Amino acid sequence: MSDTETRPSTIVDRNLALELVRVTEAAALAASSWVGKGDKNAADGAAVEAMRHAFDSVAIHGTVVIGEGEMDEAPMLYIGEKVGLYAKTGGGMLADIAVDPLEGTTLTAKGGPNAMAVVALAARGGFLHAPDVYMDKIAIGPGYPEGTIDIDRSPAENLAALAKAKGVSVGELTVCVLDRDRHKDIIRACRQAGARLNLIPDGDVYGVVACAQPETGIDMYLGWGGAPEGVLAAAALRCIGGQMQGRLIFEEEAQIVRAKEMGIDDPNKVYTMSDMASGEVMFAATGVTSGPMLRGVRLVPGGAITHSIVMRSKTGTVRYVEGRHNFKLKPV
């Protein structure tokens, strides 16, 4: 069966979600060997290679739409690469794949928190083909009226709206922001409004997903981060619930030209969560280093323990998976 023939547009095998966990586990285990060793490129390379090979046993015919860059920039998991058990033979479900084999390369190199391996999957055409530029983002968790947040409002206005919807004061809200100079105005505005801040050094997929995880204490995410990471985060929120908006940030004309080549006609468009990740979506992540949402890889005699999260938009099911890996029977 060729790519042009019609195949089911829904993900019918719920076991596929657990197959994605095996993919993120492989990447996390490989990257964990480099935690705290100061070499982010080696950590990222190990995660990429492990994740790419793990896809070989997943029963899909997948195309990477969010990955490690263009084919001439990345040897594996490049945009357009075919992955999965049926990638060479045909057959199987046609799927779009979004990956970040190691979100938090610097975090891993320094032994910081919240580094993780991330994968999202949708039926063909389910993900925004986001160029590698910045995206201005705002996100909150589930349970609030639609329209509670608006990317065109000021931080103070969005905080006031969220506080009203939650039934608390702004002073009880915590906003997650990447600790960057470009965010000094956002940071100042949030503090002037009375909100608490959780400034993170890296990892804005975590920052967005954390809004929907009560144990993190995060109520809102604000600021610029990578557009590809925005699509991954939107996939997670589609599964777990929440609201998110994003706008691509173009810093030079060449980026606008490249975006148009990828099918983006309006450079000023505000993308909703469903614009970025539509249809039935699956999301999986495995912790490399520990944080409020996921525990990192823990070495034990003869093996390791991993901690993962896996979600499905169809059912809204969220599972945490602890994996115990025996290196004698299954070497990393």
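Reader: How many cavities of 30 Å³ or more does a search of the whole structure find?
Author: One. A cavity here is a set of points on a 1 Å grid over the protein atoms alone where a 1.4 Å probe fits but cannot get out. This is a predicted model: local features need pLDDT of at least 70, side-chain atom pairs count only at pLDDT 80 or more, and totals for chains, interfaces and linings use all residues. Residues are numbered from 1 along each chain as its sequence is written, and side-chain values use heavy atoms, with hydrogens and water left out.

Reader: How much space lies in the largest cavity?
Author: About 40 Å³, taken as the space filled by probe spheres set on the points.

Reader: Which residues line it?
Author: The lining (residues with an atom within 4 Å of a point) includes Asn114, Tyr206, Thr289 and Met293. The lining residues divide into five nonpolar, four polar and no charged, with Tyr counted as nonpolar and Gly as polar.

Reader: Switching to helix α1. Is it buried or exposed?
Author: Of its 18 residues, 13 are buried, so α1 is largely enclosed by the rest of the structure. Buried means under 20% relative accessible area with a 1.4 Å probe, protein chains only.

Reader: What is the relative accessible area of Cys190?
Author: 0%, so Cys190 is buried. Cys176 is buried with a value of 0%.

Conventions
1 Å grid on protein atoms, 1.4 Å probe; cavity = no way out; pocket = protein on both sides within 12 Å on 5 of 7 lines; lining within 4 Å. Buried < 20%, exposed > 50% of the residue type's maximum accessible area, 1.4 Å probe, protein only. Helix = DSSP H or I, 4+ residues; strand = E, 2+ residues; numbered from the N terminus.
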